[in-house]
Amino acid sequence: MATVLRIDSSALSNGSHSKALADFFQTQWLEKHPADTFQTLDLSQTPPPHLSEATIGAMFTPVEERSQEQTQQLALSTDYIEQLKQADVILISTPMYNFGIPSTLKAYLDHSLRVGETFVYTDKGPKGLLEGKKAIVMAASGGDYSQPPLDSLNFVTPYLKTALGFIGIEDVTLVEAPGMAGDEASINSSIEQAKQALRDCL
Ligand SMILES: Cc1cc2nc3c(=O)[nH]c(=O)nc-3n(C[C@H](O)[C@H](O)[C@H](O)COP(=O)(O)O)c2cc1C
């Protein structure tokens, strides 16, 4: 029995392509693995705050020296990290906003990539601690960044692959639904291709 942590980040509650594709994945997954459970975090409904000076201070204070106030300061980060640790599979659905991820998702990652919890510094450099997990990134964008020279403007999927790898999640499948600003036929074709790629992850 696996736990799938689903993290949605489109600001739209209706009409989001990335959330619709995450819904598709969830339905297909549960059909194939009915005993598994999904835990969903919709970052547009519960947006994490930006990192504050106090939160960063608490993150870099050794556990044994942390005040009660500092532990409290890290409560949200600790909850996010606990969810990540318990998950076997992580599904991130994201739009491209201004060539990158939504600020809510960036803030989520800022709370989740935490020294001593999801990565450590070693003699050989940083080492991720969340090994043995699988992640799927479902990214929707208005344009198509699959070919040069536009590929260099995509800061969504390369960034998420890097951030997940940094915390030890190396098995990352990137699924893209480009061209969401195009005509109906190209939108439908892109969605169908994304669905096929999601089916391949089941
Ligand atoms: C604030 C905002 C910024 C966007 N920036 C880009 C962009 O830089 N490049 C792009 O190709 N599409 C951009 N788009 C289009 C979205 O990526 C596209 O509509 C996508 O389908 C959004 O995901 P969603 O349908 O899950 O909300 C932007 C849309 C919004 C609302």
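Start by selecting Arg 6: its relative accessibility is 4%, so Arg 6 counts as buried (buried means under 20% relative accessible area, exposed over 50%, partly exposed in between, with a 1.4 Å probe and protein chains only). Before you go further, note that this is a predicted model, where local features need pLDDT of at least 70, side-chain atom pairs count only at pLDDT 80 or more, and totals for chains, interfaces and linings use all residues. Residues are numbered from 1 along each chain as its sequence is written, and side-chain values use heavy atoms, with hydrogens and water left out.

Arg 6 and Asp 8 form a salt bridge, with 2.9 Å between the closest N and O atoms (a salt bridge is a side-chain nitrogen of Lys or Arg within 4 Å of a carboxyl oxygen of Asp or Glu). Asp 8 is buried too, because its relative accessible area is 3%.

Select Lys 19 and Asp 42: their side chains meet in a salt bridge at 3.2 Å, N to O. This pair links distant parts of the chain, with Lys 19 in helix H1 (residues 17-32) and Asp 42 in strand S2, 23 residues apart. Helices (H or I, at least four residues) and strands (E, at least two) are DSSP runs, numbered from the N terminus. Lys 19 has 8% relative accessibility and so counts as buried; Asp 42, at 18% relative accessible area, is buried as well.

Jump to helix H7 (residues 184-199), where Lys 195 and Glu 192 sit three residues apart, about one turn of the helix. Their salt bridge has its closest N and O atoms 3.9 Å apart. Lys 195, at 22% relative accessibility, counts as partly exposed, and Glu 192 is partly exposed with a relative accessible area of 44%. Then go back and pick Arg 6, Asp 8 and Asp 23 together: salt bridges that share partners join them into one network.

Next stop, a helix pair. Two packed helices are described by the angle between their axes and the distance between the axes. Show helix H4 (residues 75-86) and helix H5 (residues 103-112): the axes come within 8 Å and cross at roughly 85° (axes are lines fitted to C-alpha atoms, for helices over the stretch in contact, and angles run from 0 to 180 degrees between N-to-C directions). That makes H4 roughly perpendicular to H5, a label for angles of 65 to 115 degrees. To see the contact (heavy atoms within 4.5 Å), select Leu 76, Ser 77, Tyr 80, Ile 81 and Leu 84 of H4 with Tyr 108, His 111 and Ser 112 of H5.

Stay on H5 for a moment. How many of its ten residues are buried? Seven, leaving H5 mostly covered. The buried residues include Thr 104, Leu 105 and Ala 107. Among the elements covering them are strand S1 (3-8), H2, H4 and H6.

For a loop stop, pick Thr 61, between helix H2 (53-59) and helix H3 (68-73). Thr 61 counts as buried because its relative accessibility is 15%. Neighbours within four places in sequence aside, Thr 61 is in contact with Arg 66 and Gln 70.

Finish with Leu 150, in the loop between strand S6 (134-140) and helix H6 (157-166). At 39% relative accessibility, Leu 150 counts as partly exposed.

Terms used: Angles under 35 degrees count as roughly parallel, over 145 as roughly antiparallel, 65 to 115 as roughly perpendicular and the rest as oblique.
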